Amino acid sequence: RNTEITTRFTAALEGLQFNSSRSTFRKESFAKMDEAAAIMEEFGDISVLIQGHTDSQGQAESNMKLSQSRADAVKEYLVSKGIDTSRLSTNGLGEDHPIADNNTAKGRKMNRRVEFIILK
């Protein structure tokens, strides 16, 4: 069951985009966030950890703060859609866990992401 939920969250959040160097969503991200909220509604007994990640552009300390702000922004949006705050926790991981090459634009875009980890 957790694999199904994780797969659906990953698909829902693929391409979630923030404004550059900010924790505000780009317009095209709202539908993806709404889908994530719907998944949380459907599986009302799960809690999730929202992890924010950045690319390696800028200073590591600033990226750590930005990644936390982005994870918090996702949480705030989900709460605004009716998800109980007790089901959501956040963690900013900065640039420390890349999934692609930070030396290319495509890689940096992939590294600027939010991931959900199911806690229960």
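A pocket is an open set of grid points with protein on both sides within 12 Å along at least five of seven lines, and its lining residues have an atom within 4 Å of a point. In this predicted model, the largest pocket is lined by 27 residues. L16, K109, M110, R112 and R113 lie nearest the centre of the largest pocket. Its volume is about 700 Å³. Two or more lining residues are given by each of helix 1 (2–13), helix 3 (60–80), helix 4 (105–111) and strand 3 (114–118). Helix 1 provides the largest share of the lining, four residues. By residue class, the lining of the largest pocket comprises nine nonpolar, 10 polar and eight charged residues.

Strand 1 (residues 48–52) is mostly covered, with five of its five residues buried. In a regular strand, side chains alternate between the two faces of the sheet. In strand 1, V48, I50 and G52 point one way, whereas L49 and Q51 point the other way, and all are buried. Strand 1 is joined by five bridges to strand 2 (residues 88–92), and the two run parallel. Within this pairing, I50 stands opposite T90 of strand 2. In strand 3, the residue opposite I50 is F116.

Aromatic contacts were also examined. A pair of aromatic rings is described by the distance of the centres and the angle of the planes. A search of the whole structure finds three aromatic pairs. In one of them, the ring centres of F25 and F30 are 5.9 Å apart and the planes lie at 70°; planes over 60 degrees apart count as edge-to-face, so this pair is edge-to-face. F25 is buried, with a relative accessible area of 12%, while F30 is partly exposed, with a relative accessible area of 33%. F25 also pairs with Y77: their ring centres are 5.9 Å apart and their planes at 75°, so this pair is edge-to-face. Because F25 lies in the loop between helix 1 and helix 2 (30–42) and Y77 in helix 3, the pair ties together parts that are 52 residues apart in sequence. Both F25 and Y77 are buried.

Conventions: Residues are numbered from 1 along each chain as its sequence is written. This is a predicted model: local features need pLDDT of at least 70, side-chain atom pairs count only at pLDDT 80 or more; totals for chains, interfaces and linings use all residues. Side-chain values use heavy atoms; hydrogens and water are left out. On a 1 Å grid over the protein atoms alone, a cavity is a set of points where a 1.4 Å probe fits but cannot get out, and a pocket is an open set with protein on both sides within 12 Å along at least five of seven lines; lining residues have an atom within 4 Å of a point. Grid points are joined across faces, edges and corners, and a volume is the space filled by probe spheres set on the points. Ala, Val, Leu, Ile, Met, Phe, Trp, Tyr, Cys and Pro count as nonpolar, Asp, Glu, Lys and Arg as charged, and the others, Gly among them, as polar. Rings of Phe, Tyr and Trp (its six-membered ring) pair if their centres lie within 6.5 Å; planes under 30 degrees apart count as stacked, over 60 as edge-to-face and the rest as tilted. Buried means under 20% relative accessible area, exposed over 50%, partly exposed in between (1.4 Å probe, protein chains only). Two strands pair if DSSP finds at least two bridges between them.
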